[in-house]
Amino acid sequence: MIAVSGASGNLGSSTVRHLIQRTDAARVLALSRTPDKSADLGVRTRHADFDEPNALTRALDGVERLLIVSIGTDDRLPKHTRAIDAAAKAGVGHVLFTSITRAGDPGHPNPLVPDYGATERLLAESGLPFTVLRFNVWVEMLTLVGVAPRAVATGVLPSNSRDGRIGHITRDDSAAVAAAVLAEGGSQGEILEVTGPEAVTDADVAAALTEATGRPVRYEEVADAEHPQRLLDQGLPEHFAHAWSAAGIAKRDGWYDVTTHTVQRLTGRPATTVTGHFAAHRAELVS
């Protein structure tokens, strides 16, 4: 069997959908703390909770390949540790883990990275055949935090990232890559940077929003000290405004300027462009 954790979430459910396009649905197992929410995926489900190690080991019985979707809560490292331990006890033959681009680099400014880097090391030391999927920043984040729709509404994308670039990838392309590795069983022992093939600046993002929505969006460079307030003035919640401003500095410093052709190589189709993603989700951007 091929199992996907967090199958009731966005990435997990999308991975399952891509997976059943590549293999027999009877082989696919959706793992979740809320398996009833995965019932519409058309595959078998099992209850799996990273806080219940013994039950988790039983849930992995018979699993050949497993995708561990990283946890979003503050206690992620203990949860990841229990998932890896359960996989080892259950005799899983190949474990995939979803991480963050350049998670192994010292000094990474993303506060989540220490936990991700530690999980990568635990997996490498576990003796399990493994693959790490390091996803670059999802384009969807621009909509989720409100940056993109507010830029469309106001006609201005304030930015402190200057000429900093991100090799954006979509969540759906990330899921397609995970499904390809799960179905084929390749890339063992590899740490794969999963990114878009081109890195874009915020000026490029503004141009993409303009093209996709038909509404003019102007890029405007803003100083670090002023940037959070500009986002607050556009209606972003305070925690998002400060987090996005910090991300702009990281972008400016080159932390996300990573590009690969991993999507094309593993899925056989080109990665979705930033403009293509915005165009496909225009309704979410235009109120």
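Me: Why does Pro270 count as exposed?
Reply: Its relative accessibility is 54%. Buried means under 20% relative accessible area, exposed means over 50%, and partly exposed lies in between (1.4 Å probe, protein chains only). So Pro270, at 54%, falls in the exposed class. This is a predicted model: local features need pLDDT of at least 70, side-chain atom pairs count only at pLDDT 80 or more, and totals for chains, interfaces and linings use all residues. Residues are numbered from 1 along each chain as its sequence is written, and side-chain values use heavy atoms, with hydrogens and water left out.

Me: Where does Pro270 lie, and which residues does it contact beyond four places in sequence?
Reply: Pro270 sits in the loop between helix 11 (262-267) and helix 12. Helices (H or I, at least four residues) and strands (E, at least two) are DSSP runs, numbered from the N terminus. Setting aside neighbours within four places in sequence, Pro270 is in contact with Val263 and Gln264. Contact means heavy atoms within 4.5 Å. Pro270 and Asp173 are 97 residues apart in sequence, and their C-alpha atoms are 9.1 Å apart in space.

Me: What makes helix 1 largely enclosed?
Reply: 8 of its 10 residues are buried, so the rest of the structure largely encloses helix 1. The buried residues are Leu11, Gly12, Ser13, Ser14, Thr15, Val16, His18 and Leu19. Their cover includes strand 1, strand 2, strand 4, strand 5, strand 6 and helix 7 (171-184).

Me: What makes both faces of strand 4 covered?
Reply: Arg65 and Leu67 on one side are buried, and so are Leu66 and Ile68 on the other. In a regular strand, side chains alternate between the two faces of the sheet.

Me: Why are strand 3 and strand 8 edge strands?
Reply: The open sheet has 7 strands in the order 3-2-1-4-5-6-8, with parallel pairing. Strand 3 (44-47) and strand 8 (190-194) each have a single partner, so one side of each has no neighbour in the sheet. Neighbouring strands are turned by 20 degrees against each other on average, direction ignored. Axes are lines fitted to C-alpha atoms, for helices over the stretch in contact, and angles run from 0 to 180 degrees between N-to-C directions.

Me: What makes a space a pocket, and what is the volume of the largest one?
Reply: On a 1 Å grid over the protein atoms alone, a pocket is an open set of points with protein on both sides within 12 Å along at least five of seven lines. In a cavity, by contrast, a 1.4 Å probe fits but cannot get out. Lining residues have an atom within 4 Å of a point. Points are joined across faces, edges and corners, and a volume is the space filled by probe spheres set on them. The largest pocket has a volume of about 1,600 Å³. Of its 44 lining residues, the closest to its centre are Gly72, Leu112, Tyr116, Trp138 and Met141. Helix 10 gives the most to this lining, with 6 residues.

Terms used: Pairing = 2+ DSSP bridges.
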